[in-house]
Amino acid sequence: MSKEKRISGKFRKWCHILHRDLSFFFAGVILIYAFSGIMLNHKRDFNSDYSITQKEYRIAGNFPKAKADFSKAYVLDLLDDLGERNNYTQHYFPKENTMKVFIKGGSSLTVNTKTGEAYYESVKKRPILSSLNRLHYNPNRNWTIFSDIFAVSLIVITLTGLVMLKGRKGFWGRGGIEFAAGILIPLAFILL
């Protein structure tokens with residue numbers, strides 16, 4: 001066996017080892033990024049960060065005549081039916097006969113104090129999905145460092161994958177055609 005073939009064989013062997021080990025190590029992160037990437041691609045169709053529900057209903061009874069009589073205690077009683085009593089933040093009157101109540105987490109209640117018509121919007125964070133999305137936004141310096149290592153590792157995984165096979169299924173055969181197509185598709189979207 002010639003020296004060139006031995007070097008080529010050792011090189012491919014190390015590429016295979018690097019490719020395999022980095023792929024296993026980063027498989028979880030790849031899946032997280034892929035899954036959250038799909039969610040972020042469809043932001044217009046589905047809010048993966050928050051679950052938002054709206055409810056329109058009528059509050060029975062008589063309301064106080066003066067704005068000053070809408071005390072915190074009175075408003076808390078209105079929030080009881082929604083299960084939001086402990087999440088009260090503040091309330092105010094943006095218009096005559098309209099009271100708006102702010103609730104922790106972004107939820108709110110708007111009440112027409114003349115007719116009793118109420119509009120409740122519940123905003124709840126999706127604990128797992130929003131956390132996965134947050135990783136795409138580099139939440140802190142340590143994650144940025146890890147993400148940079150991950151990005152470099154993806155380059156290594158890709159380059160080692162390109163040279164692992166030789167012959168007609170490798171880079172100079174079918175693999176090269178697939179590689180070119182994989183580059184041309186994003187270029188077409190950029191240029192067109």
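The mean positions of the 28 positive and 15 negative charges of the chain lie 15 Å apart; Lys and Arg count as positive, Asp and Glu as negative, with His and the chain ends not counted, and each charge is placed at NZ of Lys, CZ of Arg, CG of Asp or CD of Glu. This is a predicted model, in which local features need pLDDT of at least 70 and side-chain atom pairs count only at pLDDT 80 or more, while totals for chains, interfaces and linings use all residues. Residues are numbered from 1 along each chain as its sequence is written, and side-chain values use heavy atoms, with hydrogens and water left out.

From the N terminus on, the elements run α-β-α-β-β-β-β-α-α-α (DSSP runs, with helices being H or I of at least four residues and strands E of at least two). The C-alpha trace spans about 100 × 35 × 25 Å along its principal axes. Of the 192 residues, 27% count as buried (buried is under 20% relative accessible area, exposed over 50%, partly exposed in between, with a 1.4 Å probe and protein chains only).

N133 is found in helix α3, residues 127-136. Because its relative accessibility is 0%, N133 counts as buried. The side chains of N133 and S48 are joined by a polar contact of 2.5 Å (a pair of N or O atoms within 3.5 Å; within protein, one must be able to donate a hydrogen and the other to accept it, and residues adjacent in sequence count only if both atoms are side-chain atoms).

N97, by contrast, is found in the loop between β2 (88-95) and β3 (98-103). N97 is partly exposed, at 27% relative accessible area, and has a positive phi of about 65° although it is not a glycine.
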